[in-house]
Amino acid sequence: MNTGRNRQLLLVTGGSRGIGAATVRLAAGRGWAVAINYASAATAAEALVREIEAGGGEAAAFRADVADEAQVHALFAAVDARFGHGRLRGLVNNAGIVDVAARIEQMSAERVARIFAVNVVGSFACAREAVLRMSTRHGGAGGAIVNLSSRAAERGSAGIYADYAASKAAIDRFTVDLALEVAAEGVRVNGVRPGIIDTEIHAAAGLADRVREMSPTLPMQRAGTAEEVAQAILWLLSDEASYVTGAMLDVAGGR
Ligand code: NAP
């Protein structure tokens with residue numbers, strides 16, 4: 001395991017809760033220094049930093065709305081300043097949102113634009129900043145990017161949140177094209193498609209009971225945990241996946 005200034009640096013967007021927080025914990029345990037981005041949950045993000053530091057790890061939290069390009073620039077500048085230029089070796093584009101369950105004829109353009117701004121435009125912007133730091137084309141030392149898609153990208157989400165499903169389908173395409181652009185530049189890019197995972201995201205859709213209600217209908221008859229998704233993310237980031245790029249890994253219990 002790396003220690004001190006030798007630790008490689010990972011930035012996890014939306015790292016304050018859910019899958020992002022589980023990824024932060026697992027990464028810190030495996031020797032990464034971790035930059036934790038969040039939108040508003042400062043208390044949770046700072047508590048996570050203290051937890052990692054108490055375990056001998058290195059972490060810092062950074063507030064930024066990934067949908068706002070100026071804030072993305074400021075985020076990466078702050079991460080460079082805090083951890084040192086040239087240390088970034090990994091990005092997990094995890095920040096993602098849903099809106100309340102609705103049919104398409106009930107969706108305002110403003111709602112759909114916000115979903116795409118966070119889930120898609122934010123992922124493009126963060127990936128751009130990471131490539132500018134990690135790609136050998138730009139003088140970097142290489143690295144890996146993992147994008148959070150969803151099984152909804154392929155299954156759709158008719159009647160619930162088709163806007164979200166469409167944004168995740170965009171992430172699938174984006175993942176493969178970015179992987180091809182930087183394949184010869186030391187940067188691997190992969191995606192994870194979680195199924196039904198037990199986090200707070202379902203409550204944001206007004207579907208607080210979704211995990212409990214869906215569980216008996218799922219192939220493994222249970223939802224997944226944030227930790228199970230984090231395990232897949234960490235594998236894709238690791239050298240064990242050194243010949244894996246442009247791949248989408250379903251973590252969905254067969255769904
Ligand atoms: P979650 O529990 O709702 O957590 C979302 C995280 O994203 C929080 O840390 C939140 O920060 C952050 N965030 C939201 N908007 C942001 C913004 N504009 N800028 C920066 N950060 C922002 O979600 P989750 O269930 O862990 O989902 C994580 C990822 O997995 C998402 O991309 C989601 O689409 C995907 N996914 C989840 C499931 C599932 O069943 N849970 C299934 C498939 C895919 P604050 O805490 O500050 O609000």
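A pocket, as I use the word today, is an open set of grid points with protein on both sides within 12 Å along at least five of seven lines. With that in hand, let me take you through this model, which is a predicted one, beginning with its largest pocket, where about 1000 Å³ of space lies. There are 45 residues lining this largest pocket, and those closest to its centre are Asn94, Gly96, Ile97, Thr199 and Ile201. If you look for the elements around it, you will find that helix 1, strand 2, helix 4, helix 5, helix 6 and helix 7 each supply at least two residues of the lining. Sorted by class, that lining holds 20 nonpolar, 16 polar and 9 charged residues.

Let me turn now to the second largest pocket, which has about 470 Å³ of space. Its lining is made of 20 residues, and Gln8, Trp32, Leu237, Ser238 and Asp239 are the closest to its centre. Strand 5, at 143-148, and helix 9, at 226-237, each supply at least two lining residues here, and helix 9 gives the most, with 3. By class, the lining of this second pocket has 7 nonpolar, 8 polar and 5 charged residues.

Is Ala232 buried or exposed? Ala232 counts as buried, because its relative accessibility is 11% and the cut-off for buried is under 20%. Leaving aside residues up to four places away in sequence, Ala232 touches Leu249 and Val251. Finally, Ala232 and Arg193 are 39 residues apart in sequence, while their C-alpha atoms are 10.0 Å apart in space.

Definitions and conventions: Residues are numbered from 1 along each chain as its sequence is written. This is a predicted model: local features need pLDDT of at least 70, side-chain atom pairs count only at pLDDT 80 or more; totals for chains, interfaces and linings use all residues. Side-chain values use heavy atoms; hydrogens and water are left out. On a 1 Å grid over the protein atoms alone, a cavity is a set of points where a 1.4 Å probe fits but cannot get out, and a pocket is an open set with protein on both sides within 12 Å along at least five of seven lines; lining residues have an atom within 4 Å of a point. Grid points are joined across faces, edges and corners, and a volume is the space filled by probe spheres set on the points. Helices (H or I, at least four residues) and strands (E, at least two) are DSSP runs, numbered from the N terminus. Ala, Val, Leu, Ile, Met, Phe, Trp, Tyr, Cys and Pro count as nonpolar, Asp, Glu, Lys and Arg as charged, and the others, Gly among them, as polar. Buried means under 20% relative accessible area, exposed over 50%, partly exposed in between (1.4 Å probe, protein chains only). Contact means heavy atoms within 4.5 Å.
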